[in-house]
Amino acid sequence: MADPPTIPTVVEEIGALRARGYTADFSVTPDGQLRCSCGHISAPGDAVIESTARFEGASNPGDQAIVFGIHCVGCRTRGVLVAAYGPTASARADGTAAILT
């Protein structure tokens with residue numbers, strides 16, 4: 001019997017993005033704006049999303065996260081944002097809802 005396919009982890013996805021040139025880190029400000037490590041702040045709807053990967057916890061499907069590969073419109077660098085995802089995530093805290101709309 002063949003081994004089941006390996007599902008990448010959040011850490012592996014971040015590593016793959018880093019290897020593809022996503023060197024900056026993004027965060028979400030308390031008021032829901034995106035902040036690049038260069039200091040540029042933009043509205044989540046202005047984000048240029050180039051990659052997304054969703055993950056669920058193996059032991060608890062409620063543990064959900066999403067990894068974005070984002071292009072900063074301010075400095076033109078590529079970077080990573082990791083956020084909570086799913087029904088238990090706070091839209092204000094992680095900015096995911098605004099990014100995806």
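Two strands count as paired if DSSP finds at least two bridges between them. Strands here are DSSP runs of E with at least two residues, helices are runs of H or I with at least four, and both are numbered from the N terminus. With that in place, strand 5 and strand 6 (residues 78-84) pair in the antiparallel sense over seven bridges.

Before going on, a word on the source. This is a predicted model, in which local features need pLDDT of at least 70 and side-chain atom pairs count only at pLDDT 80 or more, while totals for chains, interfaces and linings use all residues. Residues are numbered from 1 along each chain as its sequence is written, and side-chain values use heavy atoms, with hydrogens and water left out.

Now the overall picture. The protein has three helices and six strands, and along the sequence they follow the pattern α-β-β-β-β-β-β-α-α. Of its 101 residues, 32% are buried; buried means under 20% relative accessible area, exposed means over 50%, and partly exposed is in between, with a 1.4 Å probe and protein chains only. The accessible surface comes to about 6,000 Å², and carbon and sulfur atoms hold 55% of that. Those areas come from the Shrake-Rupley method with a 1.4 Å probe. A contact means heavy atoms within 4.5 Å. Among contacts with a separation of 6 or more, 46% are between residues 24 or more positions apart.

Back to strand 5, residues 64-71. How many of its eight residues are buried? Eight of the eight are, so the strand is mostly covered by the definition of buried. In a regular strand the side chains alternate between the two faces of the sheet. On one side of strand 5, Gln-64, Ile-66, Phe-68 and Ile-70 are buried; on the other, Ala-65, Val-67, Gly-69 and His-71 are buried as well.

Strand 5 has a partner in strand 4 (residues 48-56), joined to it by eight bridges in an antiparallel arrangement. There, Ser-51 stands opposite Gly-69 of strand 5. Towards strand 6, Ala-65 stands opposite Ala-84. Strands 5 and 6 also form a hairpin with six residues between the strands, where Arg-76 takes a positive phi near 70 degrees.

Strand 6 pairs with strand 1 (residues 22-28) too, in the parallel sense and over three bridges. Ala-24 stands opposite Gly-79 of strand 6 in that pairing. Strand 1 in turn is joined to strand 2 (residues 34-36) by three bridges, and these two run antiparallel. Val-28 has Leu-34 of strand 2 as its bridge partner. The hairpin of strands 1 and 2 has five residues between them, and Gly-32 in the turn has a positive phi of about 85 degrees.

Last, the salt bridges, meaning a side-chain nitrogen of Lys or Arg within 4 Å of a carboxyl oxygen of Asp or Glu. By this rule there are two. In one, Asp-25 meets Arg-18, with the closest N and O atoms 2.3 Å apart. Asp-25 is partly exposed at a relative accessible area of 40%, and Arg-18 is partly exposed at 30%.

The other joins the side chains of Glu-50 and Arg-78, at 2.9 Å from N to O. What does this pair tie together? Glu-50 lies in strand 4 and Arg-78 in strand 6, so the pair ties together parts that are 28 residues apart in sequence. Both ends are partly exposed: Glu-50 at 34% relative accessibility, and Arg-78 at a relative accessible area of 33%.
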